[in-house]
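These are my notes from one sitting with the model.

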Amino acid sequence: MVAINQKKILNSGNNNSPDISLNSNLKRWFSRNIGLWKSNRTYFLDEEQKTYNLCMNINIQALENESEWESHYKFTWYPEKKYNFFEANPQYKERGEMHAFLRGHQLIRENFYLSNEEGISNIKQVDEHEMIFESSYANWYILEHTRLVDSDNYRFRVIYSWNKNKLKIVENHHEIKIIK
């Protein structure tokens, strides 16, 4: 058996565009996430054997594309109110901003939530409503499932975070779209 197109290069035709691998489903899925979300979160922290509940706001914006083949996004987050959680767990950022863009089946991040390191999240598409993000950085391995529900008015996210091969954090996020 001979594999066809072993280099996985898409013939881009006569429009002088670069050889590309576009996934319009992935771009469409990200566009469905644009807006302001109220994120009700539960954190299970292994070392402390504690559970925390808090509410964050997440704003996801599409930015003007530097390249017509990439989709750029800005993610900002901030708490709904003051929580002692951030004082007790200073590794978490109470508020912040991250820029990222899609390249094929990867989300190229300017920084990660638990680190200022830039990096890549590999994306696997479960179906038209759910994506899985897999990331590794600074001794962390992160597995995140994000599912859009009810005509994209809700999202459910579950995030597992291992540090040096030991499960340290489990997060459940139930999110409601406030502004589209």
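Grid points are joined across faces, edges and corners, and a volume is the space filled by probe spheres set on the points. With that I found 1 cavity of 30 Å³ or more.

For the record, this is a predicted model, in which local features need pLDDT of at least 70 and side-chain atom pairs count only at pLDDT 80 or more, while totals for chains, interfaces and linings use all residues. Residues are numbered from 1 along each chain as its sequence is written, and side-chain values use heavy atoms, with hydrogens and water left out.

**Chain overview.** I counted 2 helices and 10 strands in the protein chain; these are DSSP runs, helices being H or I of at least four residues and strands E of at least two, numbered from the N terminus. From the N terminus on, I read the order as α-β-β-β-α-β-β-β-β-β-β-β. Of the 180 residues in the protein chain, 44% are buried. I use buried for under 20% relative accessible area, exposed for over 50% and partly exposed for what lies in between (1.4 Å probe, protein chains only). I also looked at contacts, meaning heavy atoms within 4.5 Å. Among contacts in the protein chain with a separation of 6 or more, 41% are between residues 24 or more positions apart.

I put the volume of the largest cavity at about 550 Å³. It is lined by 28 residues, and R109, Y113, E144, R157 and I159 are the closest to its centre. Strand 9 supplies the largest share of this lining, 4 residues.

**Salt bridges.** Which residues does R157 pair with? I took a salt bridge as a side-chain nitrogen of Lys or Arg within 4 Å of a carboxyl oxygen of Asp or Glu. The whole structure gave me 12 of them. R157 forms one with E144, at 3.1 Å from N to O. That pair links distant parts of the chain, with R157 in strand 9 (residues 154-163) and E144 in strand 8 (residues 140-149), 13 residues apart. R157 forms another with E175, at 2.8 Å from N to O. Here the partners are 18 residues apart, R157 in strand 9 and E175 in strand 10. Shared partners join E144, R155, R157 and E175 into one network of salt bridges. I checked burial next: R157 is buried at 11% relative accessible area, E144 is buried at 11%, and E175 is buried at 0%.

I also noted the salt bridge between E94 and K82, at 3.6 Å from N to O. E94 sits in the loop between helix 2 (85-88) and strand 4 (96-103), and K82 in the loop between strand 3 (72-79) and helix 2, 12 residues apart. E94 is partly exposed at 22%, whereas K82 is exposed at 57%.

**K177.** What does K177 have around it? I located K177 in strand 10 (residues 166-179). K177 is buried yet has no salt bridge, and the nearest side chain of opposite charge, D152, is 5.8 Å away. Lys and Arg count as positive and Asp and Glu as negative; His and the chain ends are not counted. A polar atom of the K177 side chain lies 2.8 Å from the backbone oxygen of R32, and one lies 3.3 Å from the backbone oxygen of I34. Not counting residues up to four places away in sequence, K177 touches R32, N33, I34, L36, W37, D152 and N153.

**Backbone angles.** D152 is not a glycine but has a positive phi of about 70°. D152 lies in the loop between strand 8 and strand 9 and is buried, at 15%. A138, also a residue other than glycine, has a positive phi near 45°. I placed A138 in the loop between strand 7 (130-137) and strand 8; A138 is partly exposed at 38%.

**I142.** I142 lies in strand 8 and is buried at 11%. The C-alpha atoms of I142 and I159 are separated by 7.0 Å, with the residues 17 apart along the chain. Leaving aside neighbours within four places in sequence, I found I142 in contact with residues including F133, Y137, I159 and Y160.

Methods. A polar contact is a pair of N or O atoms within 3.5 Å; within protein, one must be able to donate a hydrogen and the other to accept it, and residues adjacent in sequence count only if both atoms are side-chain atoms. On a 1 Å grid over the protein atoms alone, a cavity is a set of points where a 1.4 Å probe fits but cannot get out, and a pocket is an open set with protein on both sides within 12 Å along at least five of seven lines; lining residues have an atom within 4 Å of a point.
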